[in-house]
Structure formats: structure tokens, C-alpha cells
Amino acid sequence: MITLKKVNKYFNRHKRNQIHIINNTTLEFENTGLVALLGVSGSGKTTLLNAIGGLDKVNKGKIYINGKQITHRRAYTVDKIRNLNIGYIFQDYKLIDNLTVFDNVAMALKMIGLKDKEEIKRRVYYVLECVGMYRYRNRPAKMLSGGERQRVAIARAIVKNPNIVIADEPTRKLG
């Protein structure tokens, strides 16, 4: 499902303060299961997740999602592969504050091309119920607590029923 082959990522490449954050890494994650990345703060966990999710470009190597290469491809192609295969839970939520809870979650379905308003409503209501946020569906995201915002971010990641969920510290601020 996810394959990394000799992936390298640098910050400040070819400068005196160069950091080699992902060092010739080869990994393969099976189709099912749970993988946890452990390490001290600043060790590159988020950078690795962002590379796998196609959010950060790598300097060398190849990354495949369900057999499709996402490295060294146009941003549009990478976005399409990510949107169809990956639900992403960011550690800082990435909600749009002036949109409602419903609209923040529905956005993920619209990004994969779902247009049927009743299907969108059914799926969004279902995941909001699952994460205990249904009653807040019409509330603007800016009016939510940290834990509530994180549950909306989780709902947004799972609403499209992706094969892969990348969760960057998903329970960090749950309350």
C-alpha cells in the first residue's frame, strides 16, 4: 500500500546548516494494520508523514501509494492520488474557521468529486455522529475547543473512507 525506496529529504540543502532529515529510508507498509512512528521532538516524524502524504517533496528516492508513484510528479497528480487514497489528520487541525463543522467535513467529499448533496449529508452526519460532533454540525469551527476541533479533523479524514489514514499526533489535544 505504501512503499518508500531510498528516500532522502534535506532542509537547507547544500548550505552550511544543512539537515538530512530523512536518510536513505526504505519502508513498506502492508495493506492492513497500524503503524506508529516514535521519536523525540524534531526527529522528522511529521516530515516523513508529510512526504508519504505527498505534502512535502523529497530530494531523492521514490514513494508509492497503492502502486502509484507520488514523487517527482506534478502537484495536480500528487493531489489527486492523495485525495483518493489518504485521509490526513493534521496535528494543528487545519480547519477553516469561518466554515461550519459540516462544511469543513463535507469539503473532503467535494474534493474527491462527490456532488450528490444527499449522499454528502448522509456521510457527513454519520461520521460526525461517530466522533460525537453531530450536535455541533452548524457551529463555525472557530467556536470549538481544541478537542472538538481535533474530532472534526478526524471526521474529515475518515468521511471519504480512505484506504490510508495518516494521523500526526491525532490525540495530542483531545479533551
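Mentor: Start with α4, where the buried residues are Ile120, Arg123, Val124, Val127 and Leu128. They sit on the same side of α4, because they cover an arc of only 130° around the axis, with the arc taken from the directions that run from the helix axis to the C-beta atoms. Buried means under 20% relative accessible area, exposed over 50%, and partly exposed in between, with a 1.4 Å probe and protein chains only.

Trainee: Before we go on, what kind of model is this?

Mentor: It's a predicted model: local features need pLDDT of at least 70, side-chain atom pairs count only at pLDDT 80 or more, and totals for chains, interfaces and linings use all residues. Residues are numbered from 1 along each chain as its sequence is written, and side-chain values use heavy atoms, leaving out hydrogens and water.

Trainee: OK, back to α4. Which residues are exposed on the other side?

Mentor: Glu118, Arg122, Tyr126 and Glu129.

Trainee: And what covers the buried ones?

Mentor: The cover includes α3 (101-111) and α5 (146-158). Helices here are DSSP runs of H or I with at least four residues, strands are runs of E with at least two, and both are numbered from the N terminus.

Trainee: What's going on at the N-terminal end of α4?

Mentor: Asp116 caps that end, with a side-chain oxygen 2.9 Å from the backbone nitrogen of Glu118. Just after α4, Gly132 has a positive phi of about 75°.

Trainee: How far apart are the end C-alpha atoms of α4?

Mentor: They are 20 Å apart, which agrees with the span of 20 Å that the 14 residues (117-130) should have at 1.5 Å a residue. The expected span is 1.5 Å times one less than the number of residues.

Trainee: Switching to α3: is Asn104 buried or exposed?

Mentor: Asn104 lies in helix α3, and it counts as buried because its relative accessibility is 1%. Its side chain reaches the backbone nitrogen of Ile96 at 2.8 Å.

Trainee: Which residues does Asn104 touch?

Mentor: Leaving aside residues up to four places away in sequence, Asn104 touches Leu95, Ile96, Leu99, Ala141, Val152 and Arg156. A contact is heavy atoms within 4.5 Å.

Trainee: Now the strands. What's the order in the open sheet of four strands?

Mentor: The order is β2-β1-β3-β4, with antiparallel pairing. β2 (19-29) and β4 (68-69) stand at the edges with a single partner strand each, so one side of each has no neighbour in the sheet. Two strands pair if DSSP finds at least two bridges between them.

Trainee: How many bridges join β3 to β4?

Mentor: Two bridges join β3 (residues 60-65) to β4, and Tyr64 stands opposite Gln69 there.

Trainee: What about β5 and β6, parallel or antiparallel?

Mentor: Parallel, with four bridges joining β5 (residues 86-89) to β6. Tyr88 stands opposite Ile166 in β6. In β6 (residues 164-167), Ile164 and Ile166 form the covered face, while Val165 and Ala167 form the uncovered one.

Trainee: Zooming out, how many helices and strands does the protein have?

Mentor: Five helices and six strands, following the pattern β-β-α-β-β-α-β-α-α-α-β along the sequence. Buried residues make up 41% of the 175 residues.

Technical notes. A polar contact is a pair of N or O atoms within 3.5 Å; within protein, one must be able to donate a hydrogen and the other to accept it, and residues adjacent in sequence count only if both atoms are side-chain atoms.
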